[in-house]
Amino acid sequence: MINEINQISEIAPYSVDKKDKRRLLNARLHELTRVHYNSCEAYHRMMDAIGLDIDNLPDYDKLPFLPVRLFKEFELRSCSKEDVIKTMTSSGTTGQQVSRIYLDRVTSAAQTKCLTKIVADFLGTKRVPMLILDSSAVIKNRAMFSARGAGILGFSMFGSKRQYALNEEMELDMEGLKHFLEEHQGQTIFLFGFTFMIWQHFYKKLIETGYHPDLSKGVLIHGGGWKKLINESVSPQEFKQRLHDACGILPENIHDYYGMVEQTGTIYMECECGHLHAPVFSDVLIRRPLDFSLAEIGEEGIIEVVSVLPESYPGHLLLTEDKGVILGEDDCPCGRKGKYFKIIGRLKNAEIRGCS
């Protein structure tokens with residue numbers, strides 16, 4: 001039975017069909033539920049309160065989930081304070097509470113390994129020059145990561161040489177950009193950033209300055225902040241087309257992703273068909289708002305995210321504040337196995353978050 005995380009993380013991310021994936025997830029998620037029940041007092045009390053029989057666990061889609069907001073309200077930790085090597089925080093606007101996620105070495109290493117596998121499926125296994133569409137100021141405090149800082153540092157391992165596109169005042173570093181692109185002319189360039197930051201501080205500044213860098217060899221991975229773009233009436237298709245017009249990057253080489261700091265490492269990447277994909281390390285369930293029962297394929301509901309990674313905190317089964325719909329499973333035209341889905345938006349009255 002494959003349930004050890006180091007065995008699971010060796011599996012190609014989109015290679016396992018529905019039946020085998022269900023068996024794998026059941027084994028691992030049962031194991032994690034018991035780990036957290038025995039190691040996190042708050043989780044133990046919550047599971048007792050709803051009557052979970054820890055010795056007779058149901059399939060993972062019937063296991064109790066935690067609302068993601070609980071990580072803003074409580075210190076949820078399944079390892080000792082001494083074993084915490086990193087505390088990550090969600091992005092939030094001023095005055096909002098942030099989630100705090102406690103990582104030990106095992107969980108942090110597993111996150112890195114699984115993220116590498118997922119991204120390599122889109123970018124290739126060879127490290128390439130990387131242009132970060134943000135400012136280096138975001139990662140100055142290495143002990144306390146924001147979602148933005150964690151994202152930049154997590155994805156930076158795919159870059160052979162890294163250049164920030166913005167200076168500490170969030171203005172275009174045109175001289176740095178020109179030098180970087182001249183040095184790596186003709187090479188594949190990996191671009192990474194958060195959707196709204198790219199639009200506000202990279203795309204708009206390119207238009208403002210009239211600078212037209214050649215990023216026709218670029219592959220962009222971006223995520224977070226769509227609701228701010230929706231407020232500006234920018235669709236995903238327009239986002240891709242406008243970037244193409246501004247710097248030459250091909251729309252099919254622009255990949256959105258869905259993810260959150262509460263489950264770092266198991267991101268859901270957008271394929272060339274425009275679908276978000278659940279890798280073998282995670283799953284997405286859609287729940288009906290009235291009774292939290294499982295929705296059918298094509299039926300809109302609240303997104304639950306499932307991950308095999310969190311050992312140091314009880315974040316393996318989380319109900320988000322996002323709405324979505326599963327489009328299919330194991331049959332996307334891109335050839336990747338697993339569920340594929342799309343995000344509809346935030347739940348009404350859920351607080352607006354920053355990049356996740």
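This is a predicted model: local features need pLDDT of at least 70, side-chain atom pairs count only at pLDDT 80 or more; totals for chains, interfaces and linings use all residues.
Student: What distance separates the end C-alpha atoms of helix α8?

Tutor: Helix α8 covers residues 195-209, which makes 15 residues. At 1.5 Å a residue, α8 should therefore span 21 Å.

Student: Which residue takes a positive phi just after α8?

Tutor: The stretch to examine is the one just after α8. The phi there is about 80 degrees, and the residue that takes this positive value is Gly210.

Student: At what angle do the axes of α8 and helix α10 cross?

Tutor: Helix α10 comprises residues 236-247, and its axis comes within 10 Å of that of α8. Residues of α8 including Trp199 and Phe202 meet residues of α10, among them Phe239 and Leu243. By class, this contact has 10 nonpolar, one polar and one charged residues. The crossing is left-handed, and its angle is roughly 35 degrees.

Student: How are α2 and α3 oriented to each other, roughly parallel or roughly perpendicular?

Tutor: Two packed helices are described by the angle between their axes and the distance between the axes. For α2 (residues 18-39) and α3 (residues 41-49), the axes are 6 Å apart and the angle is about 110 degrees. Angles of 65 to 115 degrees count as roughly perpendicular. The orientation of α2 and α3 is therefore roughly perpendicular.

Student: Which residues of α3 make the contact with α2?

Tutor: On the α2 side, the contact is made by Thr33, His36, Tyr37 and Ser39. By class, the contact has three nonpolar, four polar and two charged residues. On the α3 side, the residues are Glu41, Tyr43, His44, Met47 and Asp48.

Key. Residues are numbered from 1 along each chain as its sequence is written. Side-chain values use heavy atoms; hydrogens and water are left out. Helices (H or I, at least four residues) and strands (E, at least two) are DSSP runs, numbered from the N terminus. The expected span of a helix is 1.5 Å times one less than its number of residues. Axes are lines fitted to C-alpha atoms, for helices over the stretch in contact, and angles run from 0 to 180 degrees between N-to-C directions. A crossing is left-handed if the near helix is turned anticlockwise from the far one by less than a right angle, and right-handed if clockwise. Contact means heavy atoms within 4.5 Å. Ala, Val, Leu, Ile, Met, Phe, Trp, Tyr, Cys and Pro count as nonpolar, Asp, Glu, Lys and Arg as charged, and the others, Gly among them, as polar. Angles under 35 degrees count as roughly parallel, over 145 as roughly antiparallel, 65 to 115 as roughly perpendicular and the rest as oblique.
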